[in-house]
Amino acid sequence: MMWYGGWGWGWGGWFAMTVVMVLFFALVIVGIVALVRYLTGAHRGPRPPSPPPSGEYGWGGSRAEVLLAERFARGEIDEDEYKRRLALLREQR
């Protein structure tokens, strides 16, 4: 058998194998980085505030009333405080 010449690829084979291994490990590293970013949620940026639906803050309501209702729904304020603040907001109109 001829190990060092004749039918072998010679230096071209070593060069091709080196390029393939570098590309392989680059692909593995990119895959790991993408997986970590996906699992940690780093690919999601801050969301822009969504515009209110048309008419939500129109004639019948105000942004302050909607925010007050959201705070009540989350449990940040109790029912008495909600009613008191809502009445105060509606007096100011």
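Where is the place of tryptophan 14? Select this residue first: tryptophan 14 belongs to helix α1. The model is predicted, and the chain averages a pLDDT of 79, with 68% of the residues scoring at least 70.

Next, colour the chain by confidence. Helix α1, residues 11-40, has the highest mean pLDDT among the elements, at 92, while helix α2, residues 63-74, has the lowest, at 90.

Return to tryptophan 14 and display its surface. Tryptophan 14 counts as exposed because its relative accessibility is 54%, and exposed means over 50%. Now extend the selection to Trp11, Met17, Met21, Phe24, Phe25, Val28, Ile32 and Val36; together with Trp14 they form a nonpolar patch on the surface, with about 1,000 Å² of accessible area.

The tour then turns to charged side chains, where the count comes to five salt bridges. Select arginine 71 and glutamate 76, whose side chains meet in a salt bridge at 3.1 Å, N to O. Arginine 71 is partly exposed, at 29% relative accessibility, and so is glutamate 76, at 45%.

Move on to helix α3, residues 79-91, and select glutamate 79 and lysine 83, which lie four residues apart, about one turn of the helix. Their closest N and O atoms are 3.0 Å apart in a salt bridge. Finally, select glutamate 81 and arginine 85, a salt bridge with closest N and O atoms 2.7 Å apart. These two residues are separated by about one helical turn because they are four residues apart in helix α3. Arginine 85 is partly exposed, with a relative accessible area of 30%.

Note on methods:
Residues are numbered from 1 along each chain as its sequence is written. This is a predicted model: local features need pLDDT of at least 70, side-chain atom pairs count only at pLDDT 80 or more; totals for chains, interfaces and linings use all residues. Side-chain values use heavy atoms; hydrogens and water are left out. pLDDT is the predictor's confidence in each residue, from 0 to 100. Patches are made of residues with over 30% relative accessible area and no salt bridge: like charges are joined within 9 Å, nonpolar side chains (Val, Leu, Ile, Met, Phe, Trp, Tyr) within 5 Å. Accessible areas come from the Shrake-Rupley method with a 1.4 Å probe; for residues, only the protein chains shown count as cover. A salt bridge is a side-chain nitrogen of Lys or Arg within 4 Å of a carboxyl oxygen of Asp or Glu. Buried means under 20% relative accessible area, exposed over 50%, partly exposed in between (1.4 Å probe, protein chains only).
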